[in-house]
Amino acid sequence: MEEEEPLLTSSIKRGSGDYGSQDNGQHDQPEEEESRRLSYSATDDSFRVHEDADADLYIQQAVVFIEDAIQYRSINHRVDSGSLRLYRWYYSKICQWGLGFTIAVVLALAFIETPSSLTYTSDIRFKPKPWEPPCGLTEGIEMVCLCIFILDFTVKSYLIGWEEFRMNKWLIGYIVVIAASVIDWMLSVSMVCNENLRVRRLIRPFFLLQNSSLMKKTLKCIKRTLPEIASVILLLALHLCLFTMIGMLIFSKSDDPKKNGEWETYFKNLPKSLSSLLVLLTTANNPDVMIPAYSLNRGYSIFFILFSVFGTYLLMNLMTAIIYNQFRGYLLMSVQTSIIRRRLGIRAAFEVLCCPGRGHTSTQSEGHVERVAVNMFLQVLGRVHMKSHCRQAIIKAAQQFPDGFINGEAFQRLFIELDKDFMKEHPPKPEYSSPVLQHIQYMYSHFYIVVLGNVVALANVICICTVLVLNSEKSASEKNNFYMEILNCIFILYYLIEMLLKIVAFGWRGYLSYRNNIFDGFFTVLLLTIQIAILITYSIPNKDVDPVPGRVMPLWEMVRLVNMLIVFRFLRIIPEIKLMAVVASTLVDLVKNLRAFAGILLVVYYVFAVLGIWLFQGAITPPSNMSLISNSSIENKTDGPFSMDCGTFEQLEYWPNNFDDFASSLVLLYNIMVVNNWHVFTDAYTRYTTEWSLVYFVAWWLTSSVMWVNLFVALILENFTYKWDRSNALSVEDVERIAYQSTVQLIFRYD
């Protein structure tokens, strides 16, 4: 169930049916179970009732173990009949979706709570007073969510038992976070929502982390990668400090004021020098930082070039390589654990189905082979929640056993189907007796029709772009849309004919079985509908009259916009070009496997946004008289932190970027993560608050831009390398390795 749980700590107790249970209250159950069996042996009917009850329990256990294997869950949980029903209910889609919705609601409260983000703009110059929820509204919603979390914790703790609970750090942290949230909630209510800080806002992301095994797995990999990352960061710090000292020596204050431009702007003191070179490490202030010195002597450029070469191009890329290597190693270790979990779950299901009298011959001679009857296995598989195509493939494979029994090794092999991609089978083409229809079917089933469609789509896009370029500098009254209307009608007519003939060639079901056809057909119908509306409204186009003068969105412009979407038809050519196909499949897999990384980044964003609000809410204030900003007589520098120097926060009008509410905090953090002009924000907040504010922004830069972005690059490299290896000719050993790695890739699609 959880990442830190041991894979298997208990033995198989066939007699008791208590496989994997760790509850102290169950230790005496085997004796009680045995006594019950003896009491039922009075008559054959009573014994049969007991045997049927045992058989149903074994089947129920096997069903749950197989579901655990499918989802890579631990099998260390209660396995009595009532607990298994509760376990399956807890992991049902409706419960998990409900829990996920509750987590989303409690996280979204930050947008409504004070300071509220419910304004149309975050610009502090024009921002109206936001709507603030009355005291008790968000608190009531939050308490409902906390009650659901308490119920979730109670069910989880009961299902795994006390022994497993004591070893599960995430569950212990879960109850601590819930308790802290409840206490902070009570303080808020007692203070009538007038408290300055809500500590529970900072710890809310824990609910998201603890509910996702993928995030915990990824977080564990990141934690184990941190020592290697820290070593490179230490090298970066030494590099930065060394060049800072050299820079302060080279660009020291001169007796000639004309030569003090570099010193005055970037190397006036130690904090200024450090921050200037730190920003240069991200290239955000290049080449601005060296212009004052470079204008005096071109030799000064050597200092800045050497700093960038060693810092930006060597150490930063070395960090990417180290993160990729170390993270990939720990990732594979975690993946191996998940694979073992799957095999243990399947083996556990096999064992409980191999009980005496169930699933194999009752002869218990020494050295006999344990087997499971195919009909019993099919009965179990029918109750397992799994993908339909996997179920059908496993059933088909199980029915191939001639003697009607499956041994342990074959039982494991059956579930290899779980890792195979689903290959959709298209319906058979209709059979026509007419030679004309047969000829149409042959033509429009051919690949060259797809090529022709792409060529026509290209011509369509070129025509639209040509008209847009020719009319780009014309006013609405000067534009002549007649020829564009005619071209639209021609292209729409071709798309319509192509769609109808493809329906004839493939049939309705066959046509709709291809996603490309659904896409093309949808936009063809949409284009046709708009064009018919144009003809009904404005009749036949006239080249001397603009049929739609003065309208904001003329219908013909809607046709052109929809026509532009036809460019996506070119996505069909991707599988035909090897390198493009590898890149495209890498992007698709990246999106599928990105949930854990995106979730952790969301947690980091959330925490830093809350901290930013606590530290900097209301720190930046616009000047009292905004008309002075546009006054040409304004001084370059004014009293206080306000500055209109070129490139400053005020001159660039970055006023919407602030920490005055949660939504604007997220946008500001994103702008800093991109690192372009991030020094503008750090400069503004050091002027409006203190120089210690730089610690917050540097911490965010290290966490987001250095740590997470490099992890993201590592994930891209891993996916691309895997796809590229598969696309080339491989030996038998490589094929086997790729088959294993396929399982590795699929693990990160389950949660």
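pLDDT is the predictor's confidence in each residue, from 0 to 100. The structure examined here is a predicted model. Across the protein, pLDDT averages 78. A score of at least 70 is reached by 74% of the residues.

Over residues 1–43, pLDDT is below 50. Where pLDDT is low, the predicted coordinates should not be read in detail.

Cysteine pairing was examined next. A search of the whole structure finds one disulfide. The bond joins Cys135 to Cys193, with an S to S distance of 2.0 Å. The angle about the S-S bond is 70°, and the link of Cys135 and Cys193 is right-handed. Cys135 lies in the loop between helix H4 (93–108) and helix H5 (137–167). Cys193 sits in the loop between helix H6 (169–190) and helix H7 (199–203). The pair therefore ties together parts that are 58 residues apart in sequence.

Accessibility was computed for several cysteines. Cys135, one partner in the disulfide, has a relative accessible area of 45% and is partly exposed. Cys489 is also partly exposed, because its relative accessible area of 29% falls between the limits of 20% and 50%. Cys354 has a relative accessible area of 1% and is buried, because the value is under 20%.

Helix H14 spans residues 374–381, and helix H15 spans residues 388–398. Their axes come within 10 Å and cross at roughly 175°. This angle makes H14 roughly antiparallel to H15, because angles over 145 degrees count as such. On the H14 side, the contact involves Val374, Phe377, Leu378 and Leu381. These meet Arg391, Ile394, Ile395 and Ala398 in H15. The residues of this contact divide into seven nonpolar, no polar and one charged.

Ser308 lies in helix H13, which covers residues 301–353. With a relative accessible area of 11%, Ser308 is buried, because this value is under 20%. Leaving aside residues up to four places away in sequence, Ser308 touches Leu280 and Tyr313.

Note on methods: Residues are numbered from 1 along each chain as its sequence is written. This is a predicted model: local features need pLDDT of at least 70, side-chain atom pairs count only at pLDDT 80 or more; totals for chains, interfaces and linings use all residues. Side-chain values use heavy atoms; hydrogens and water are left out. Axes are lines fitted to C-alpha atoms, for helices over the stretch in contact, and angles run from 0 to 180 degrees between N-to-C directions. Helices (H or I, at least four residues) and strands (E, at least two) are DSSP runs, numbered from the N terminus. Angles under 35 degrees count as roughly parallel, over 145 as roughly antiparallel, 65 to 115 as roughly perpendicular and the rest as oblique. Contact means heavy atoms within 4.5 Å. Ala, Val, Leu, Ile, Met, Phe, Trp, Tyr, Cys and Pro count as nonpolar, Asp, Glu, Lys and Arg as charged, and the others, Gly among them, as polar. A disulfide is a pair of cysteine sulfur atoms within 2.5 Å. Buried means under 20% relative accessible area, exposed over 50%, partly exposed in between (1.4 Å probe, protein chains only).
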